[in-house]
Amino acid sequence: MNYYNIKHKDEIVSFKEATLRGLGKDKGLFVPEHIPTLPTSFFEEITQKSNIEIATEALYPYVNDSFSREELQRVLEEVFVFDTPVKELLSNTSVLELFHGPTMAFKDVGARFMARCLGKFSDKDNPTTVVVATSGDTGSAVANGFYKVEGVRVVILFPKGKVSPFQEYQMTSLGANIQAVEVEGTFDDCQALVKQALSDASLKAERVLSSANSINVARFLPQMLYYFFAYKQVKDLLEGKDWVVAVPSGNFGNLTAGLYAHAMGLPVSKFVAANNANDTFAIYLQTGSYQAKASVPTLSNAMDVGDPSNFVRIQELFGYNLEAIRKMITAVVISDKETLDEIAYIHNTLGYTLDPHSAVGHLALQKALLPSQYGTVLSTASPKKFDEVIRQVIPSFPVPEVDLSTCHKKSISNSYEAYKDILLS
């Protein structure tokens, strides 16, 4: 499988090169030359397959120039050392719990897979510097996934004061080859700095750079896999109803991964893009006009993205056909008050605690779901990571103990030169 740059379609690279480079010319994102389809029998027999069998068959066509099937299977066995269980909530909804990995967030899957890719691809005598921007969970997952990986250095940017203490602790407590940097600004500012670094010819002449954000194909593609795992678990629950999947959406890498899974044949009838106040995509679906805007701080901070990078991948996948996108995706915007109300309602009625992002997803799903449909929301993070928010409506929710005084981080202004100095140090 080769990959091309959306902005320069004549720039065609292998999976290995796309992973190592992160971005193409002019900050263009790489996408696969085609979407492979799985046979109908794959889905008919999915409940009889192991998760590793499912994952290997689904992902292998994307990486077959860089991994043998046996090598890929071994990597996936190292990635999926935790469960991704589906739990039913209401009579017509369930949650796919993606927070049983080491950093308690869905991004553990992509980060662990990409770490193993770069560990294989990197030149040990000329280490790769992985640059990443985070609104919370990406940084935690990348820090853990890449910790002490030989031949790789990681520099994580996060917006000062806009991640939870637990998230900050996970990024700043490791040391070794992991360096965390807080930026006076927003996630979008951090993301812009990363993209500028990846396009800086003078910097790339001195450092081998790659990105661990969902702009990197090795980050978002493996996230397809738990959509297949979810279908394996809900297949017998559908009882003739159409399956709808709600995705808490920030940078839209997770939703893009689901759309790829659907293009491969996964029988999802509709996706719900669950947005908080950062509603750029929802406005696009309403008006047909995409207008990036400054991100707005919310209680579901990992979704605070005003200019989602993966939007262009969605457009490319649908051939820039707005009506086709509208047919497949519904966007629902949830306020902070509604988020808290949903956390309280589900806890008080069912005894189940949703984190703020999963609460946005579940309420958006309820608003979009028809009687003829059954819905699953991707529960993207553990509520333990957002105890300060949870305790606003569940005062008894326990406080995880973290000691940030023992952690290591640097602080910079929203300055590319300051960031570049760190990368060159």
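Buried means under 20% relative accessible area, exposed over 50%, and partly exposed in between, with a 1.4 Å probe and protein chains only. This is a predicted model, in which local features need pLDDT of at least 70, side-chain atom pairs count only at pLDDT 80 or more, and totals for chains, interfaces and linings use all residues. Residues are numbered from 1 along each chain as its sequence is written, and side-chain values use heavy atoms, with hydrogens and water left out.

**View 1**
Let's start with H5, which covers residues 107-121. Helices (H or I, at least four residues) and strands (E, at least two) are DSSP runs, numbered from the N terminus. H5 has 15 residues and reaches 21 Å from its first C-alpha to its last, close to the 21 Å expected at 1.5 Å a residue; the expected span is 1.5 Å times one less than the number of residues. Which residues of H5 are buried? They are Lys107, Asp108, Val109, Gly110, Ala111, Arg112, Phe113, Met114, Ala115, Cys117, Leu118 and Phe121. With 12 of its 15 residues buried, H5 is largely enclosed by the rest of the structure.

**View 1. Glycine 119, a partly exposed spot in H5.**
Glycine 119 sits in helix H5, and at 22% relative accessibility it counts as partly exposed. Skip the residues up to four places away in sequence, and glycine 119 touches Lys124 and Val149; contact here means heavy atoms within 4.5 Å. Now look across to alanine 359: it is 240 residues from glycine 119 along the chain, and their C-alpha atoms are separated by 36 Å.

**View 2. Helix H3 and its bend.**
H3 takes in residues 51-63, 13 residues in total, and its end-to-end C-alpha reach of 18 Å is close to the 18 Å expected. Where does H3 bend? The bend, about 30°, is at glutamate 57, and proline 61 follows within four residues. To get that angle, axes are fitted to the seven residues ending at a residue and the seven starting there. Among the buried residues of H3 are Ile52, Ala55, Leu59 and Val63. An α-helix has 3.6 residues a turn, so residues three or four places apart point the same way.

**View 3. H3 crossing H4.**
Helix H4 spans residues 69-79, and its axis comes within 9 Å of the H3 axis, crossing at roughly 125°. That makes H3 oblique to H4. Axes are lines fitted to C-alpha atoms, for helices over the stretch in contact, and angles run from 0 to 180 degrees between N-to-C directions. Angles under 35 degrees count as roughly parallel, over 145 as roughly antiparallel, 65 to 115 as roughly perpendicular and the rest as oblique. On the H3 side, the contact is made by Ile52, Ala55, Thr56, Glu57, Leu59, Tyr60 and Val63, and on the H4 side by Arg69, Leu72, Gln73, Leu76 and Glu77.

**View 4. H16 packed against H17.**
Here H16 (residues 336-350) and H17 (residues 356-368) pack at an angle of about 90°, with axes 9 Å apart. The two are therefore roughly perpendicular to each other. Glu338, Thr339, Glu342, Ile343 and Ile346 of H16 meet Pro356, Ala359, Val360, His362, Leu363 and Lys367 of H17.

The axes of H8 (residues 187-198) and H19 (residues 416-424) come within 10 Å and cross at roughly 60°, so the helices are oblique to each other. Leu193, Val194, Gln196 and Ala197 of H8 meet Tyr416, Tyr419 and Leu423 of H19. Lysine 195 is also in H8. Is lysine 195 buried or exposed? It is buried, at 18% relative accessible area. Leaving out residues up to four places away in sequence, lysine 195 touches Leu23, Lys27, Ile215 and Ser309.

**View 5. Two loop residues with positive phi.**
Most residues other than glycine have a negative phi, and most peptide bonds are trans. Lysine 27, not a glycine, has a positive phi of about 60°; look for lysine 27 in the loop between H1 (15-21) and E3 (30-32). Lysine 27 is partly exposed, at 35% relative accessible area. Glutamate 239 isn't a glycine either, and its phi is positive at about 50°. Glutamate 239 lies in the loop between H11 (225-234) and E10 (242-248), and is exposed at 74%.
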